[in-house]
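This report describes the surroundings of the ligand and one of the pockets. The sequence and structure are shown below.

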Amino acid sequence: MRLKYPPKVRQEHFLDFLRKPETMLYGHLKAHPDIFYFKILNRKAYFIQKPEFAKTILQDNNRSFGKSRAFATLSVLLGNGLLTSEGEFWKRQRRLAQPAFHKKRLELIAEIAAESTKEILDTWVTKNEVFDVMGEMASLTIDIVSKALFGADVQEQVSVVWEEMNFLNAAGINRIRNPFSLPIWMPTPYNRRVKKSIKKVDEVVLGIIEQRRDSEQHHDDLLAMLMEARDEETGEGMTDRQLRDEVMTIFLAGHETTVNVLSWTLYFLDQHPEIKAKACAEVREVLQGRMPRFEDLPRLSYLHNVIRESMRLRPPVYVIPREALEDTALGDYHVPKGMNLVLNVYALHRHPKYWSDPLEYQPERFEHFEGKGAKKYLYFPFGGGPRMCIGNNFAIMELQVILAMILQRFDWSLTGESREVKPEFLITLKPQGGIQASVKPLESTGESR
Ligand code: HEM
């Protein structure tokens with residue numbers, strides 16, 4: 001078979017991708033429904049919008065595709081953690097980390113999530129004004145992931161990490177989006193600030209790991225599990241450096257994505273009062289006024305569909321980048337070694353060829369959705385194949401607990417500019433300008449455990 005090249009899309013301005021990302025991601029779907037080729041300065045990329053091609057890249061032929069330059073930027077902060085590492089090293093780390101995400105562990109984390117949510121919602125009772133709900137969701141998810149990782153006894157030390165991570169996250173976005181950014185080894189004032197920040201983070205995280213190694217005390221958290229994990233073949237555990245990288249990865253990967261889904265869901269539910277009422281009724285019926293437990297979650301199925309629909313229209317990870325490690329093919333398209341591939345999750349989730357009323361918020365559509373075979377790649381907010389998100393069940397559990405507890409206790413309305421929120425395409429897909437709302441306690445629910 002003679003292989004061909006995908007159709008080429010030209011930009012009006014060479015920075016269009018940065019200035020008008022939504023046009024780039026979604027605007028070419030009609031003319032090029034499956035795939036197109038795009039060049040910015042010396043970077044070339046194929047944009048993938050056909051589920052079969054996404055399946056080939058992430059699953060069937062995943063060995064021909066590696067993580068791309070975007071991940072190299074992240075590795076400045078995350079080192080060689082699960083998100084950024086490759087090959088045999090990644091495989092071993094994934095095996096070692098997997099038990100930390102098993103059901104038994106998630107049961108404990110669901111309790112942490114419910115307690116932390118209760119603490120923050122208790123402060124909402126006296127809030128009479130409009131406030132930054134997205135900021136509150138960020139504090140909450142940070143609290144949950146840091147307690148899940150380190151237990152409750154080092155929370156003050158951990159807060160330093162978060163301050164620095166916020167800065168480093170913004171620095172990472174600049175690097176990924178700015179084609180002119182200077183390499184990290186160049187001693188510019190900005191690069192020096194980045195290195196200083198990483199050093200601070202390292203001191204805290206490595207300090208916690210060292211304290212653990214020196215202490216006899218038993219801990220029951222994700223860090224303890226990672227420290228105890230042993231390779232089945234060699235009996236070896238992780239070094240302090242590896243532990244640091246995995247901890248930072250879980251910290252970063254597990255927080256911002258979840259905040260975005262929470263914020264978008266609060267936004268969509270405000271826009272669709274009938275869906276909010278239905279979700280609220282389900283929560284009341286299932287929980288009968290008490291706090292959610294892990295075993296309640298499968299019965300909160302409408303709420304689960306609400307979450308899925310939010311992630312369909314606003315996937316936090318809206319593109320998944322890869323790079324061809326060898327000459328290969330997608331259908332009858334040639335993929336030369338070194339080509340960047342952008343799996344266009346955003347477009348696939350709303351592709352008019354596959355979804356009816358693709359731009360409508362309709363959680364009911366997931367009652368009938370069967371993501372089997374290539375169809376799995378019509379909806380893949382957590383990626384797919386061997387590199388699929390290790391925290392997907394953690395995330396769904398956390399989202400269900402938090403949203404159920406909000407629905408159980410409060411009504412909210414978005415105000416002012418928040419009523420028309422546009423997506424902002426940063427490393428993850430954020431509500432531009434955040435979400436501001438006023439909240440009103442519902443009548444007492446006689447909450448108990
Ligand atoms: C709604 C929330 C989340 C979304 C949408 C999400 C999405 C993703 C996606 C798309 C990937 C695959 C990236 C790729 O193939 O290049 C990924 C990987 C990963 N995620 Fe998540 N994630 C979420 C929550 C979490 C949570 C809560 C954690 C941890 C507590 C986590 C930890 C990770 C890790 C460690 C990886 C790398 C896995 C590997 O390559 O082995 N994520 N995530």
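The model examined here is predicted.

## Shell around the ligand

The ligand is surrounded by 27 residues, and the closest are Trp90, Arg94, Arg322, Arg387 and Cys389. Divided by class, this shell comprises 18 nonpolar, 5 polar and 4 charged residues.

Several secondary-structure elements each supply at least two residues of the shell: H5, helix H11 (240–253), helix H12 (256–271), strand S6 (320–324) and helix H16 (392–409). The largest share comes from H11, with 3 residues.

For arginine 322, a polar side-chain atom lies 2.7 Å from an oxygen atom of the ligand. In the side chain of arginine 387, an N or O atom is 2.8 Å from a ligand oxygen atom, while for lysine 67 the corresponding separation is 3.0 Å.

## Second largest pocket

The second largest pocket has a volume of about 380 Å³. Its lining consists of 17 residues, of which Asn62, Arg63, Gly87, Trp90 and Arg387 lie nearest the centre. These lining residues divide into 6 nonpolar, 4 polar and 7 charged.

Helix H3 (51–60), strand S4 (65–66) and helix H5 (87–97) each contribute at least two residues to the lining; H5 gives the most, with 4 residues.

Notes: Residues numbered from 1 in each chain as written. Predicted model: local features only at pLDDT ≥ 70, side-chain atom pairs only at ≥ 80, totals over all residues. Heavy atoms only, no water. 1 Å grid on protein atoms, 1.4 Å probe; cavity = no way out; pocket = protein on both sides within 12 Å on 5 of 7 lines; lining within 4 Å. Points joined across faces, edges and corners; volume = space filled by probe spheres on them. Nonpolar A, V, L, I, M, F, W, Y, C, P; charged D, E, K, R; others polar. Near = heavy atom within 4 Å. Polar contact = N/O pair within 3.5 Å; in protein donor to acceptor, adjacent residues only side chain to side chain.
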